[in-house]
Amino acid sequence: MAAGPGDGPRLAELLAEGRRLWEEVETGTEPSSGAPAVQDKVRQGLDALQRAAAMVAQLELFSENEELEEIASADLKYLLLPALLGALTLKQVDLSRRLEHLESARAHFWRFLKLCRSYGLGNFHLPPASPPGEEDGESPSPGGPAAAQPSLVAMASSRQAKIERYKQKKELENRLASMKTSVESGQADEEQIREFYILQIQKWISTGLEEMESIDQEMVILRSRGAVKQSSAPPHGPSRQVRTPLKPFILTRDAAQAKVFGAGYPGLPTMTVDDWYEQRRRQGVVSGQSVPQRTAGLTDEELQKQQEEKKEEEDDEEALQKARNWDDWKDTHPRGYGNRQNVG
């Protein structure tokens with residue numbers, strides 16, 4: 001249940017605390033808005049502003065059926081509560097909930113602008129209550145038909161409106177800076193206080209319009225990314241080919257060895273090298289070219305014996321060639337050739 005005006009901090013104190021925390025976050029010197037100290041201020045500021053907004057609703061300070069003159073000058077500052085809530089909501093950095101935060105901030109800004117419009121505060125076009133693409137329940141498509149894209153005339157008009165809003169905002173900031181000292185020190189009269197709060201509201205109207213436009217653009221990007229991820233994801237999980245796991249077996253050189261090992265290890269099947277390569281070739285794991293070629297009708301022992309005999313023949317031929325070379329050298333060099341030790 002929302003706290004009443006007499007329970008806990010007063011309404012003015014909650015608004016002042018929330019606004020102070022927003023200003024500290026906005027003008028802070030922290031290198032990142034995601035720093036724990038910054039996010040603590042964001043949470044504290046949101047809590048204070050939400051409690052203040054609950055009090056305003058309970059007291060029914062504002063109504064769309066009344067005129068601006070009916071609002072007390074001291075109550076005008078509470079019109080800023082939805083705008084401050086929207087600004088602090090945007091300062092949250094949880095990427096997994098970014099779309100949720102954007103929707104919440106947009107709703108705060110829209111309520112603020114709608115209330116200002118009903119009181120005749122500012123001459124502006126009220127944006128739609130729902131973001132673009134949500135009126136028909138479909139997400140906007142960035143690559144839609146050309147007719148859905150804004151025309152050059154509309155883009156030029158929007159750019160001109162932004163320039164005018166920027167100029168008005170700078171002018172309002174200058175006027176507010178010149179009045180701030182007298183209002184905060186209590187030296188300003190009621191008329192000056194009223195003007196000061198109305199100028200603040202008009203400045204936040206410009207800020208709210210800018211933020212809503214930025215929010216709509218970011219929401220289009222986030223939703224299009226989500227649509228791309230869903231369309232690119234496989235419908236039934238990964239399409240990678242699942243290979244049948246190999247069962248354990250004993251690899252032997254030939255059929256004779258397979259019989260020996262098969263008799264000693266009846267729990268494990270045996271397989272020769274040729275059989276293993278043939279099985280892998282049928283599974284498509286190895287090609288036919290990678291299968292080692294073997295001489296038909298010969299066992300591994302016979303192949304090994306042939307290789308040893310071939311090596312011996314090559315060794316004998318090399319030794320015979322060395323002996324022939326030595327005999328030729330002795331024929332041309334008599335005994336004692338090259339010995340000059342006894343020559344005087």
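Which residues have the most contacts inside the largest nonpolar core? They are Leu79, Phe112, Leu121 and Ile205, and the core has 55 residues. By nonpolar core I mean a set of buried Ala, Val, Leu, Ile, Met, Phe, Trp, Tyr and Cys residues joined through side-chain atoms within 4.5 Å. Buried stands for under 20% relative accessible area, exposed for over 50%, and partly exposed for what lies in between, with a 1.4 Å probe and protein chains only.

The model is predicted: local features need pLDDT of at least 70, side-chain atom pairs count only at pLDDT 80 or more, and totals for chains, interfaces and linings use all residues. Residues are numbered from 1 along each chain as its sequence is written, and side-chain values use heavy atoms, without hydrogens and water.

Among the elements that give two or more residues to this core are helix 4 (98–118) and helix 6 (190–232). Helix 6 supplies the largest share, eleven residues. Helices here are DSSP runs of H or I with at least four residues, numbered from the N terminus.

Let us turn to Ile205. Setting aside residues up to four places away in sequence, Ile205 touches Phe112, Leu113, Cys116, Leu121, Gly122 and Phe124, where contact means heavy atoms within 4.5 Å.

Finally, I come to a loop. Glu60 is placed between helix 2 and helix 3, and has a positive phi of about 55 degrees although it is not a glycine. Glu60 counts as exposed because its relative accessibility is 65%. Leu61 lies in the loop between helix 2 and helix 3, but counts as partly exposed, at 21% relative accessibility.
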